[in-house]
Structure formats: C-alpha cells, structure tokens
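Colleague: I would like to learn how to read contacts that involve aromatic rings, starting with charges and then turning to pairs of rings. Could you take me through them step by step?

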Amino acid sequence: MAVISEHHIFLSEDHSVGLQTRLKETITRAIWDGRFSPGDRLPATRALARHLGISRITVSLAYDALVASGYVVPHARSGFFVADDAPNRRDTVGTATPGSDQRLDWQARLGPPPAALGNQAKTEDWRRFQYPFIFGEPDLRHFPVDDWRDCVRQALGKRYFERVADDAADRDDPMLLEQIVKRSISGRGVAAEMSEVLVTTGAQNALWLAARVLRVQDPDGTMVMEEPGYPELRNLLTAMGVKIAPVPVDEEGLIVDQIPPGTSVVFVTPSHQAPTGATMSMARRKALLERAEADDFIVVEDDYDYEMSYQSPSLPALKSLDERARVIYIGSFSKSVFPGLRLGYLAAPEPFVQHARALRTMVVRHPPGLTQRTVAYFLSAGHYNAHSRRMRARMERRHSILRSALQAEGLLTSEATTTFGGASLWLTGPEGLDADRLAVDLREKNVLIEPGSAFYASDAPPRNTIRVGFSTIPTARIPDGVQIIAAAIRAQLAER
C-alpha cells in the first residue's frame, strides 16, 4: 500500500463543470490509468483542500461520489483508499482506449528498435539454473560485502557528504581519479595524469564515447572490429551508421595484415580477446602500433578482464607501448567488482578526454558521486587488490577443473588453450554441431551455455562454437555440468 501525496493530484481543466466534478474526474482517471493502485490511500481531505486551494467540504463530497461509484472505499479512522476492485485500463478486457484510433503509431514511425544486447544466453533468471556456464556475472558468494559496506559508510560520512551530494557538473571525483592513475592503470604499465582520465558508466559507455568522438572526427572512416568480437560493440557501431570491417583473429590476436586500407579506428581486446580468450602477442602488438602510425588510425584498447591473468604474467597494455599517443585505453570495474556497479574509465590524451567529457556531460553529466567515492575508498583501502587476488586463485582452480572435465569428455580443443587465464574458454565443437540448438536443449537440463554465433558479424557464422564461462558456477558443479553438455552434444550428433 502506498500513500498518495496531495501533490500528485491536480484539478481537471474542464472549467465547464464544478470543482467537485473536476476533482472526481481527476482521481477517477488516475485510478483508470493505473497511476493510483488498489489499496493506495488518498490524501487527507484537509491536506488536499489546502493544496488545491478549494474548500474541504468540496473534497469530502468528491470522495463520497467516488465511494458511491465504487472507485474508493472508506476505512474508519484511517481515511479513503482505492478500492481493490476499482476498474482500470489493464483489467478491463475489451474496453477500447478513448481515441485509440487517433493515437500516433510510434511503431510505424520508428520501426524496430536497434539491437542492444548480443548475448541472449544471459537470461534475467540465470541464477535459477544449476549449471550457469556464462561469462560476466558475479559470484557474489565470495564478494567482500562487509568491506564494501564500510566504504559506502565512509562515502556517506558527514565530513565528505558534500562531495557525493553536490552536482559535480562535468567533474569526476578527484580521489577516484587519483586511485585509477596510481593503482589501476599503473599496474598495466600506463602512465597518465588525472586530466587524461575520464570516469564512465561502465566500459560500454566508454566504448560509446570513444566511437562517437572519433566518428565526428572522421565521419566516413572505417572502424575495424575483431571477428569474432564483442556483439554489443558491433550493435553500438551499427546504430551509429559506422562502416564496420570485421578482421579475423588467431591464437596471437587480431591479424594486423588484414586491416583494410582507409581504416580510421581499430577496436581490440589484446589482453583477453573477447570471446576467444587469445592474448595478443608482443610481436603483434608492436605490429599493430606500427601499422597505426603508418596508416594514421586510432586504436581503442578494451582491457576489460586484465585482472584475471593467472596462468602467466600479463603483457604490458598497448597503451603502455604507445609512444605516439594513438591508443585510447578503456578499463572497467564491472568484472572485478560487480556488473551492477556500472563504473569504468578511459585514459587518453587530454584533448580527447575534453571532447569525451563534453559529450558525457550532455548525456549523463557524470557517474553518481556516491558510487565514485565508494570505489575510491575500496581501492585506497586495498580491498580491490585483495578481492582480485582471491578471484584469480578461484578462477585458476575452476579453469583447471573445467579443462580436465572437457578433456575427459573429448571436448578440449586447441582453440580452448590460453596462456592468459580469464573466466571463460572458447570451444569449437564437432563438425555438424548446432550450438544455438544445443543451448535451447540444455536449458531443459538446467544448463546455460553461450552459443558462439552471436559473436560473429557474418550472416553465416560457424554454428559449432561455444563460450563456456565459469565465473558464476560453483566449482564442485563443473564436472557434472560438463558431462551433461557432452551427453547433449552426442545426442544431437546421433540424430544426423
């Protein structure tokens, strides 16, 4: 039950009828439209009369009329409430909306909405599945909730509350910028000033800002994406009307020699290629930077998962090798803290950051101050580094168990071999396997997998690829889950 504020009630504009009728029509319409729900309590007659500038007896008579019509019920010494069986638009089947034939046809005007999400395996109810082999969701059972709560309390402390409560316009929290510069990107070998860092609402927002700024600079330029690559980036560029050139990847990452002439921007995930998990070799990184200089294009480095390097020391970021200021570096706390945080950043030359900041300000002004300051405390207290270390140890254990289980079922391929780590494996199944159909069949067996077809730009992508994530599934369930997947694959192939 909610209490309806008197400030949510206005008199109808029909001045041809009396105040009592106008008030009754206003409340009736609000109930009909569903703005007032069954059980909601109406404002007290005195408060509503004072708000509307009318007599209290007029309000009382309007309420009595609503009771007589069945929209409202009185409760002794409690007031007036919306009746449980009050008629409304949603429950009245077969009743046409007044003037519905004259309403603007938005579907015809706008057409279908642009694609936004490329991974349909991540259903809203993924937690109910016993074997969720998906990537990018948190294992909240091991998150340091108490440490996080302490950081929130610090951010809300009286001493610094003005910092999180004020409208910061286009500014970011200086404490968070300092922590990003000193503790985050510095660990990737990147040296930057605070003026060269912009806080974003996640990596996706950073990618949008980078693409938007660079598209304005070169409207007709071609933007290169990895193939297979991050579907949400492809959807973003498609919605902008960008000309996209998919360039294949191999075990060393993006194949630089296949970047087409006329390229203006190259988007890469060198630390842990999305989705194959390949780590771009040092030779390939140098070749990419040399090609960028020779062909005068910009490189956008999405370093979304660098914390999960546990099989070998991570290679330096492309940005750290960039001597000509051609690399835009994007980082995120979504994977290492939790996705719902929606906080990331980009590091770039100051003129680029100024353009991106202006664009961000027009859209969202700035990420929430409370979120920024909480993460700043989480970083400065060492909780972030400690949590990342525990995550790496846990992912290394799950990675080992997953590989052993896949090998036992004959599903481990050379493509699934990674020298980096991460929280997923990229599998190429047997010829003839339909991974999209497999994913549907496995849902009935309480298993979620991610078919690889969504990661390809091609209209005829390989149908036998799968990304197997292990960030969310409990370690002990991995072998049983793999057995179910293997049995479903064998059953599908036996039908051929």
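Modeller: In this predicted model, begin with R128, whose charged end sits over the ring of F129 at 4.3 Å from the ring's centre. A further case is R109, where the charged end lies over the ring of W106, 5.8 Å from its centre.

Colleague: How many aromatic pairs does a search of the whole structure find?

Modeller: The search finds 12 aromatic pairs. Among them are F143 and F338, which are edge-to-face because their ring centres are 5.4 Å apart and their planes meet at 80 degrees, and planes over 60 degrees apart count as edge-to-face.

Colleague: Where in the chain do F143 and F338 lie?

Modeller: F143 is in the loop between β3 (131–132) and α5 (145–155), while F338 is in the loop between β10 (327–332) and β11 (344–347), so that this pair, 195 residues apart, links distant parts of the chain.

Colleague: Are F143 and F338 buried or exposed?

Modeller: Both F143 and F338 are buried. Ring pairs also join F143 and F338 with W148 and F378 in a cluster.

Colleague: Which kind of pair do F333 and Y345 form?

Modeller: F333 and Y345 form a tilted pair, with 5.6 Å from centre to centre and 50 degrees between the planes. F333 belongs to the loop between β10 and β11, whereas Y345 is in strand β11, and the two are 12 residues apart. Both F333 and Y345 are buried.

Key:
Residues numbered from 1 in each chain as written. Predicted model: local features only at pLDDT ≥ 70, side-chain atom pairs only at ≥ 80, totals over all residues. Heavy atoms only, no water. Phe/Tyr/Trp six-rings, centres within 6.5 Å; stacked < 30°, edge-to-face > 60°. Helix = DSSP H or I, 4+ residues; strand = E, 2+ residues; numbered from the N terminus. Buried < 20%, exposed > 50% of the residue type's maximum accessible area, 1.4 Å probe, protein only. Lys NZ or Arg CZ within 6 Å of the ring centre and 35° of its normal.
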